[in-house]
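Thanks for coming. I will go through one model this morning, starting with a surface patch, then salt bridges, then a pocket.

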Amino acid sequence: MKYALALAFLSGAAAFSPLAKAPVTTALASKQSTALPYTTTELDTGLAGDFGFDPFGLAGAESKYPPFDTLRWYREAELQHGRVAQLAIVGFLWPQLFGTFPTVGGYDYSELNPIDAFYKCPSQALVQITIFIGALEGRRYLRCIKGDSAPGDVNLAVPGGFNPLNLDYSDEEYAELELKEIKHCRLAMIAAIGALVQTLQQGEGVGASLSKAAFGMPPGYDCGHRRFGADASAG
């Protein structure tokens with residue numbers, strides 16, 4: 001579980017956008033909102049996933065503290081939170097479905113409640129994770145301030161960037177991937193909130209709660225206490 005939580009923090013470097021293209025903001029006349037069909041909107045940002053949902057008018061508001069209240073900054077924040085949420089959901093479910101690592105050096109990795117697992121993580125490890133992720137996020141933050149890259153771009157899989165798989169997409173393929181990512185990000189953020197609330201309410205990992213609901217397992221059933229590299233009978 002601790003490794004999964006570390007991966008969730010690492011999402012600052014784990015960008016999924018294959019190319020970097022700057023968004024275009026165009027002011028148009030009012031039109032029917034796709035997201036809220038009973039309303040009209042002037043929102044037309046050119047960003048993937050823009051369906052005219054801007055009830056507070058943030059996209060068209062005048063920037064008073066650039067770049068921190070600009071549309072580019074909001075999209076950067078949405079993508080980053082969404083990527084963290086995607087990895088967090090994996091971290092919630094992976095240990096429950098596939099098991100945990102065996103006890104090493106006196107540290108027990110069998111905790112399936114992700115919140116409890118965090119507090120059981122060695123303090124030295126948390127310090128190392130904080131420093132490492134802080135450095136990665138600091139680098140991303142400076143790129144955001146500089147403003148010469150598209151929101152969410154961390155120089156991975158782009159021309160001149162780190163691209164070991166030689167990914168190369170057409171404009172149509174890239175637009176489709178952008179839309180898929182932002183939809184996955186939004187869904188994952190809702191799912192992560194639900195999983196967190198469920199864990200706090202039930203006092204157990206969401207995987208255990210889902211297993212009981214789906215298969216009618218009785219309370220107290222030891223669900224998922226498998227460990228990688230350990231004998232099943234010993235887990």
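Start with Tyr 141, which is found in helix H4, residues 123-146. Helices here are DSSP runs of H or I with at least four residues, numbered from the N terminus. This is a predicted model, where local features need pLDDT of at least 70, side-chain atom pairs count only at pLDDT 80 or more, and totals for chains, interfaces and linings use all residues. Residues are numbered from 1 along each chain as its sequence is written, and side-chain values use heavy atoms, with hydrogens and water left out.

Tyr 141 has a relative accessible area of 39%, so it is partly exposed. Buried means under 20%, exposed over 50%, and partly exposed in between, with a 1.4 Å probe and protein chains only. Together with Tyr 65, Phe 68, Leu 142 and Ile 145, Tyr 141 makes a nonpolar surface patch of about 540 Å². For such a patch, residues need over 30% relative accessible area and no salt bridge, and nonpolar side chains (Val, Leu, Ile, Met, Phe, Trp, Tyr) are joined within 5 Å.

Now the charged pairs. How many salt bridges does the structure hold? There are seven, counting a side-chain nitrogen of Lys or Arg within 4 Å of a carboxyl oxygen of Asp or Glu.

Is Arg 140 buried or exposed? Arg 140 is buried, at 13% relative accessible area, and Glu 76 is buried too, at 7%.

Within helix H2, Arg 75 and Glu 78 are three residues apart, about one turn, and their side chains form a salt bridge of 3.1 Å, N to O. Arg 75 counts as buried at 10%; Glu 78, at 21%, is partly exposed. Salt bridges with shared partners join Arg 75, Glu 78 and Arg 186 into one network.

Last, the largest pocket, with about 470 Å³ of space. A pocket is an open set of points on a 1 Å grid, with protein on both sides within 12 Å along at least five of seven lines; lining residues have an atom within 4 Å of a point. Of its 20 lining residues, those closest to the centre are Phe 53, Asp 54, Leu 71, Glu 78 and Arg 186. Helix H2, residues 71-98, gives the largest share of the lining, five residues.

Technical notes: On a 1 Å grid over the protein atoms alone, a cavity is a set of points where a 1.4 Å probe fits but cannot get out, and a pocket is an open set with protein on both sides within 12 Å along at least five of seven lines; lining residues have an atom within 4 Å of a point. Grid points are joined across faces, edges and corners, and a volume is the space filled by probe spheres set on the points. Helices (H or I, at least four residues) and strands (E, at least two) are DSSP runs, numbered from the N terminus. Patches are made of residues with over 30% relative accessible area and no salt bridge: like charges are joined within 9 Å, nonpolar side chains (Val, Leu, Ile, Met, Phe, Trp, Tyr) within 5 Å. Accessible areas come from the Shrake-Rupley method with a 1.4 Å probe; for residues, only the protein chains shown count as cover.
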